[in-house]
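Welcome, and thanks for taking a look at this model. Please keep the structure open beside the text as you read.

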Amino acid sequence: FGESIFDSNTIELIKNIANSQYLHFKGFHCHIGSQIFEKESFFKEVEVMTDFIVEVQNKLSITVNELNLGGGFGIYYTEEDKPFEISSFLNEYIKVIEKNISNKNLDIKKVQIEPGRSLVCNYGSTLYTVGNIKNTFGGKNYIFVDGGMTDNIRPALYQSKYEAILANKVNNPKENIYTIAGKCCESGDILIKDINLPKAEIDDLLLINSTGAYTYSMSSNYNRIEKPAMIFINKDKINIAVKRESYEDLIRNDLI
Ligand SMILES: Cc1ncc(COP(=O)(O)O)c(C=O)c1O
């Protein structure tokens, strides 16, 4: 989405917006991607965007007052992810932003960021009940859970990786390689491929961590499956934040 700052037509577009009687041009919004683990990328973003602002101001004789730098701060899903510590990063980030603004003599009055998943993702987990285990003729071990792509579409949509534990067997030795599948009866309804876990049995509790972002908000009623409840836990305080959907909820808007 968006327009490229490297496209010469973009300057013309900004000019049209700035000159429009219907629009009020305030500044720029950018977003360099998601799950970025190098602080330098964000510092470079500030440098590139503030250079671009200088160019726009010089070419169009307008003043840019706002800059939104988007999000993308990487978080932990699996051992492959090496996130930086966010609060110390933000201090460095602010210094880089302030330095660029003052060195380039800009009149930026508002800088925004959109921290996205880094705010909430690690604080949510999804708890499933194991419904069945299947050892296939081809030698694969499947754990089927009472959820799947309806409550977390990310693995099916863009091959996102997750870790999991059997919550009622955390101290048991890991014995088997399993694939965790949902209950949608779709070949893509796989939550985790090849994870080493203790021997699983029906009614075990399987917990997938780092599901606090882009799960409930991206959930669906595919195959008329009800969305699960969402529970907030704060020390010994437990609150139902969102009720579990019922079959009645699923047909609430049906008229005929
Ligand atoms: C414009 C914009 N800002 C912020 C975000 C948040 O990204 P993330 O959750 O990866 O930090 C996104 C996510 O795609 C986005 O498109």
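## Strand β9 and its partners

Strand β6 (residues 164–166) and β9 run antiparallel and are joined by 3 bridges; two strands count as paired if DSSP finds at least two bridges between them. Strands here are DSSP runs (E, at least two residues), helices are runs of H or I with at least four residues, and both are numbered from the N terminus. Leucine 166 has leucine 206 as its bridge partner in β9. Before going further, please note that this is a predicted model, in which local features need pLDDT of at least 70 and side-chain atom pairs count only at pLDDT 80 or more, while totals for chains, interfaces and linings use all residues. Residues are numbered from 1 along each chain as its sequence is written, and side-chain values use heavy atoms, with hydrogens and water left out.

Strand β4 (residues 126–135) also pairs with β9, in the antiparallel sense and over 4 bridges. Here leucine 127 has leucine 207 in β9 as its bridge partner. β9 itself spans residues 205–208, with Leu206 and Ile208 on a covered face and Leu205 and Leu207 on an uncovered one.

## The mixed sheet

What is the order of the 6 strands in the open sheet? The order is β6-β9-β4-β5-β7-β8, and the pairing is mixed. The edge strands β6 and β8 each pair on one side only. From one strand to the next, the twist averages 35°; the axes behind such angles are lines fitted to C-alpha atoms (for helices over the stretch in contact), and angles run from 0 to 180 degrees between N-to-C directions. Within this sheet, β4 pairs with strand β5 (residues 141–145) in the antiparallel sense over 5 bridges, and isoleucine 133 stands opposite isoleucine 143 in β5.

With a relative accessible area of 6%, isoleucine 192 is buried; the word means under 20% relative accessible area, while exposed means over 50% and partly exposed lies in between (1.4 Å probe, protein chains only). Leaving aside neighbours within four places in sequence, isoleucine 192 is in contact with Tyr162, Glu163, Ala164, Tyr178, Thr179, Ile180 and Ile208, where contact means heavy atoms within 4.5 Å. Isoleucine 180 is 12 residues away from isoleucine 192 along the chain, and their C-alpha atoms are separated by 5.1 Å.

## The parallel sheet

Another open sheet has 3 strands in the order β1-β2-β3, with parallel pairing. Its edge strands, β1 (27–29) and β3 (110–112), each pair on one side only. Neighbouring strands of this sheet are turned by 5° against each other on average, direction ignored. β1 is joined to strand β2 (residues 66–68) by 3 bridges, and the two run parallel. Glycine 27 has glutamate 66 in β2 as its bridge partner.

## Aromatic rings

How many aromatic pairs does the structure hold? There are 14 aromatic pairs. Rings of Phe, Tyr and Trp (its six-membered ring) pair if their centres lie within 6.5 Å; planes under 30 degrees apart count as stacked, over 60 as edge-to-face and the rest as tilted. Phenylalanine 43 and phenylalanine 89 form a stacked pair, at 5.9 Å centre to centre with 20° between the planes. Because phenylalanine 43 lies in helix α2 (residues 39–60) and phenylalanine 89 in helix α3 (residues 86–103), the pair ties together parts that are 46 residues apart in sequence.

Both phenylalanine 43 and phenylalanine 89 are buried. Phenylalanine 89 also pairs with phenylalanine 84: the ring centres are 4.5 Å apart and the planes are at 40°, so this pair is tilted. Phenylalanine 84 is buried, with a relative accessible area of 12%, and the value for phenylalanine 89 is 0%. Ring pairs link Phe42, Phe43, Phe73, Phe84, Phe89 and Tyr93 into a cluster.

## Cysteines

The structure holds 0 disulfides, a disulfide being a pair of cysteine sulfur atoms within 2.5 Å. For cysteine 184, the nearest cysteine sulfur is that of cysteine 185, 8.7 Å away. Cysteine 184 is buried, with a relative accessible area of 2%, whereas cysteine 185 is exposed, at 75%.

## Two domains

The protein chain is divided into domain 1 (9–117) and domain 2 (124–250), with bounds that come from an automatic or database domain assignment. Taken over C-alpha atoms, the centres of domain 1 and domain 2 are separated by 37 Å. In all, 7 residues of domain 1 are in contact with 8 residues of domain 2.
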